[in-house]
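Me: I am new to this structure and would like to know what the terms used for it rest on. Please set each value against its definition.

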Amino acid sequence: ASQASSGTGAALRTAYEQQLFLWLEKHKDYPLVARRRGLEGVATLRVRIARDGHVLGTTMVQGSGEPMLDAATLDLASRADPFPRVPATIEGGEFEFTVPVEYRLR
């Protein structure tokens with residue numbers, strides 16, 4: 001593969017990941033009890049999806065330090081399932097991405 005095509009592949013992957021991050025943000029649930037207690041944190045989630053967007057698996061890469069927020073993070077992928085389909089321009093039978101899920105009181 002030429003440099004140009006690998007650069008394009010990375011750009012396509014990045015654009016698709018941005019779409020997935022926004023999709024997750026739309027489905028995120030900041031537990032009411034956690035908000036009332038002033039709990040904040042960032043948990044890192046790894047999600048594996050099939051080409052049709054259905055979740056194949058999730059893994060907590062790094063917890064937030066708050067069990068309530070970590071539980072909400074693990075639940076997030078199932079609430080967001082199915083994700084937008086993997087674009088035809090991205091190769092492979094499945095797609096895996098890692099995303100920080102941030103819980104901040106505004």
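Me: How much space lies in the largest pocket?

Reply: About 200 Å³ of space lies there. The model is a predicted one, where local features need pLDDT of at least 70 and side-chain atom pairs count only at pLDDT 80 or more, while totals for chains, interfaces and linings use all residues. Residues are numbered from 1 along each chain as its sequence is written, and side-chain values use heavy atoms, with hydrogens and water left out.

Me: What makes a space a pocket?

Reply: On a 1 Å grid over the protein atoms alone, a pocket is an open set of points with protein on both sides within 12 Å along at least five of seven lines, whereas a cavity is a set where a 1.4 Å probe fits but cannot get out. The volume is the space filled by probe spheres set on the points, which are joined across faces, edges and corners.

Me: Which residues that line the largest pocket are the closest to its centre?

Reply: Glu-25, Lys-28, Pro-100, Val-101 and Glu-102 are the closest, out of 13 lining residues; a lining residue has an atom within 4 Å of a point. Helix H1 (3-27) and strand E3 (94-103) each supply at least two residues of this lining, and E3 gives the most, with five.

Me: How do the residues of that lining divide?

Reply: Eight are nonpolar, none is polar and five are charged. Ala, Val, Leu, Ile, Met, Phe, Trp, Tyr, Cys and Pro count as nonpolar, Asp, Glu, Lys and Arg as charged, and the others, Gly among them, as polar.

Me: What makes a stretch of the chain a helix or a strand?

Reply: Both are DSSP runs, numbered from the N terminus: a helix (H or I) has at least four residues and a strand (E) at least two. The chain has three helices and three strands, in the order α-α-β-β-α-β from the N terminus on.

Me: Why is Thr-73 called buried?

Reply: Buried means under 20% relative accessible area, with exposed over 50% and partly exposed in between (1.4 Å probe, protein chains only). Thr-73 has 0% relative accessibility, so Thr-73 counts as buried. This residue lies in helix H3 (residues 67-80).

Me: How do you know that Thr-73 and Tyr-103 are joined by a polar contact?

Reply: A polar contact is a pair of N or O atoms within 3.5 Å; within protein, one must be able to donate a hydrogen and the other to accept it, and residues adjacent in sequence count only if both atoms are side-chain atoms. The side chains of Thr-73 and Tyr-103 are joined by one of 3.0 Å. Leaving out residues up to four places away in sequence, Thr-73 touches Ala-43, Leu-45, Met-60, Val-101 and Tyr-103, where contact means heavy atoms within 4.5 Å.

Me: What makes Glu-17 buried?

Reply: The relative accessible area of Glu-17 is 17%, so Glu-17 is buried. Glu-17 lies in helix H1 and, not counting residues up to four places away in sequence, touches Phe-95, Glu-96 and Phe-97.
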